[in-house]
Amino acid sequence: MSQNTNLYKPLTLLLGVFFLLSCSQEEPAVTQEQVGPEPQAASDLVVYTGARVIIGDGSAPIENAVMIVEDGVFQTVGSSASTTYPAAATQIDLSGMTVMPAIIDTHVHLNTEPEALLNDLRQRAVYGVSAAMSLGRDYGQMLEMHREIIPGAAIFLTAGLGITAPEPGRSEDPHWVTTVEEARAAVDQEASQGVDIIKIWVDDRDGQYEKLSPELYTAVIEQAHEHGLPVTAHIYNQEDAKGLLRAGVDAFAHGVRDVPVDAELISLFQQRPEVVVVPNLTDRGVATDLSWLQGTMPADILAGLQEQSVDNPGQQAEFALQAANLAALNEAGVTIALGTDGNTPWGPHLEMEDMLISGMTPMEVISAATADAAAFVGLDDMGSIEAGKNADFIVLEANPLDDITNTRRIADVYLRGEQVNRDAM
């Protein structure tokens, strides 16, 4: 398997075209004026009744639930038999529907130009994503949108610019460091911009480069922790994962991709139960029906994506290894969070199916995409449907606990208590 293979889902190949269409003069980028009138502020009590509610924390769903929302926050979540509310409250009947928390994508790479970034965040909201963390190539004006609350858009989290050993010929955006002093200075610079996490790459790209050494990544981890910042690592090889765990890394932006994980690695994870793995599974290499995307993009773009979705035996072998490694870590109790890499707004729905195929249960997959992801990125007011949390939720036409692909059967999305205008996109 090639370490230099682009492991983003192949569906990203036409996203540049998709974005150009949405931002061209013929079809200009969506603006607040175009998405209709300003959504009514969620200042009145709104009661949602009748749905099955998946909390997001792994606990049993609430059947025939009542969700009471005020000022964009859940005030009460409970069963209809035990929950009362004022008769004068606005009521929305969700009988027959399933509600789950909005999704949090902990590994993306978003556009750097502000208008394009805003478009990315609005597209994610259409697919039920409430927050997305961009890892390692963020700079300039785009950082002004960091954690900004934008109606109808996901929240943007960032690692700023990541840190790697020099990689001439690849992206020059990240910090290239060769000394401990440079490594610590790079962390200081990103911390001064208020980033959410520090990203490092530890990968020789099929032997093309000297990878970030243990001395340098240890310096990064120590300096980041001095600033109270976690560190996530792009890795490929198992031996690098072991070294990073010993050095105190907080998360992995990919799973091990070179060999089956061994007992030593699992033991190291179990000694560090706070460490999070974001597997970012490679595409399965199987032709897939994408008709569920109809109505969310131009028909010609969807047709191009469908044409690209073909069987690929080599990709299938890569997926099999990564899936087996995810299954082993999940069985060992390692915390898993969802991430998709690249810039595919609907990617989480593909990743969730891949995680299920890897052996996770539907409830485990949903928790990884919601409560566990929120905890990982420090969004304490998001990720689950319970009193005190933001009213970020997806209304589904079918139960994803029966079939995880039912997360794609979206009837409505609510962010901070306001309904997302999905038709506008």
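Trainee: Which residue stands opposite V46 in β5?
Mentor: T90 stands there. The model is predicted: local features need pLDDT of at least 70, side-chain atom pairs count only at pLDDT 80 or more, and totals for chains, interfaces and linings use all residues. Residues are numbered from 1 along each chain as its sequence is written, and side-chain values use heavy atoms, without hydrogens and water.

Trainee: How do you know that strand β1 and β5 pair?
Mentor: Count the bridges. Two strands pair if DSSP finds at least two bridges between them. Strand β1 (residues 46–49) has four bridges to β5, so the pair meets the definition. The two strands run parallel.

Trainee: What makes β4 and β5 edge strands?
Mentor: Start with the order. The open sheet has four strands, β4-β3-β1-β5, and its pairing is mixed. β4 (73–79) and β5 (90–93) each pair on one side only. From one strand to the next, the twist averages 20°; axes are lines fitted to C-alpha atoms (for helices over the stretch in contact), with angles from 0 to 180 degrees between N-to-C directions.

Trainee: Why is strand β8 called largely enclosed?
Mentor: Buried means under 20% relative accessible area; exposed means over 50%, and partly exposed lies in between (1.4 Å probe, protein chains only). Six of the six residues of β8 (residues 129–134) are buried, so the rest of the structure largely encloses this strand.

Trainee: Which strands pair with β8 in the parallel sense?
Mentor: Strand β7 (residues 103–108) does, over four bridges. I103 has V129 as its bridge partner in β8. The chain passes from β7 through helix α2 (residues 114–126) to β8, a right-handed β-α-β crossover. Right-handed means that, with the strands pointing away from the viewer, the path from the first strand over the helix to the second runs clockwise. Strand β9 (residues 155–158) also runs parallel to β8, joined by four bridges. There, M133 has L157 as bridge partner.

Trainee: What makes something a helix or a strand in the total for the protein?
Mentor: Both are DSSP runs, numbered from the N terminus: helices are H or I of at least four residues, strands are E of at least two. The protein has 11 helices and 19 strands. Of its 425 residues, 56% are buried.

Trainee: Why is K211 with D240 called a salt bridge?
Mentor: The rule asks for a side-chain nitrogen of Lys or Arg within 4 Å of a carboxyl oxygen of Asp or Glu. Here the closest N and O atoms are 2.7 Å apart, so the pair qualifies. K211 sits in the loop between β12 (198–202) and α4 (214–226), and D240 in helix α5 (residues 238–247), so the bridge ties together parts 29 residues apart in sequence.

Trainee: What links K242 and E264?
Mentor: A salt bridge, 2.6 Å from N to O. K242 is in helix α5 and E264 in helix α6 (residues 263–271), 22 residues apart. K242 is buried at 2%, whereas E264 is partly exposed at 39%.

Trainee: How many salt bridges are in the whole structure?
Mentor: The search finds 16. R272 and E274 form one of them, at 2.7 Å from N to O. R272 is buried at 16%, and E274 is partly exposed at 48%.
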